[in-house]
Amino acid sequence: MTRTAWRALAVTLLLAAFFIGLKVFGIALPLFLGLGIVVAVVAALLPWIGVRWLDDLLQAGRAWRWRHEEGRHHGFGGLSISIEDDGRHVWIAGADLQRALHTTDRDDVLAARMPGRSRRDRRGDLLLRVDAVVDYLSTAPGRMEPRTVRLRRYLEREVLFPAAQRRRREQVPPA
């Protein structure tokens, strides 16, 4: 079973134990009636507050769910691409690049195409500098294939340019 499936099973068992405990102690009906009355009052008398609270709750849930991916996720052609900015260089996951290019080269072959501009992250996955990938894509065989051209332009416009702008803004001394 995957980690997510184990988590789902644990949450399901905890919720089941909670609701069984409510039923055994006989407080399920009063608790849910009270909760229903509170929700009805908020919905009927104060809808803007209820909607605001619900929106804040949903936003907090989204932020918690995506906290590990924030700032690193990019998409190209329906594929999720992991991008990491360490402050000096922008890095792309080698496996994601392979999926975007529809190639199946090994990691060492991919790293050899960009010597000195690759590294491994703490999990051991290959990361490549995006500027090196753009240089490689502009000179590689098949550089004029539409998918390769679109990927290169995407990396230049949506990854490298915003990163350069962020660095430029960070270096400007305050007036």
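Predicted model: local features only at pLDDT ≥ 70, side-chain atom pairs only at ≥ 80, totals over all residues.
Residues are numbered from 1 along each chain as its sequence is written, and side-chain values use heavy atoms, with hydrogens and water left out.

**The core**

In soluble globular proteins, nonpolar side chains tend to be buried together. A nonpolar core is here a set of buried Ala, Val, Leu, Ile, Met, Phe, Trp, Tyr and Cys residues joined through side-chain atoms within 4.5 Å, where buried means under 20% relative accessible area, exposed means over 50%, and partly exposed lies in between (1.4 Å probe, protein chains only). The largest such core has 22 residues, and those with the most contacts inside it are Ile92, Leu128, Val133 and Leu155. Among the elements that give two or more residues to this core are strand 3 (90-93), helix 4 (94-101), helix 6 (130-139) and helix 7 (146-171); helices (H or I, at least four residues) and strands (E, at least two) are DSSP runs, numbered from the N terminus.

| Residue | Residues in contact |
|---|---|
| Leu155 | Ile92, Val130, Val133, Val134, Leu137, Leu160 |
| Leu101 | Leu137, Thr148, Leu151 |
| His89 | Glu84, Arg129, Arg167 |

His89 sits in the loop between strand 2 and strand 3, and its side chain makes a polar contact with the side chain of Arg129 at 3.5 Å.

**Helix 4 and its end**

The buried residues of helix 4 are Gly94, Asp96, Leu97, Gln98 and Ala100. Helix 4 is followed by His102, whose phi is positive, near 60°. His102 lies in the loop between helix 4 and helix 5, and this residue counts as exposed because its relative accessible area is 59%.

**The surface patch**

Val11, Leu15, Phe18, Phe19, Leu31, Phe32, Leu35 and Val39 form a nonpolar patch on the surface, with about 740 Å² of accessible area together. Helix 1 (3-25) and helix 2 (28-45) are the elements that give two or more residues to the patch. Phe32, found in helix 2, counts as partly exposed because its relative accessibility is 40%.

Note on methods:
Contact = heavy atoms within 4.5 Å. Polar contact = N/O pair within 3.5 Å; in protein donor to acceptor, adjacent residues only side chain to side chain. Patch = residues over 30% accessible without salt bridge, like charges linked within 9 Å, V, L, I, M, F, W, Y side chains within 5 Å. Areas by Shrake-Rupley, 256 points an atom, 1.4 Å probe, with all protein chains shown as cover. Salt bridge = Lys/Arg side-chain N within 4 Å of Asp/Glu carboxyl O. Lists of a residue's contacts leave out its neighbours within four places in sequence.
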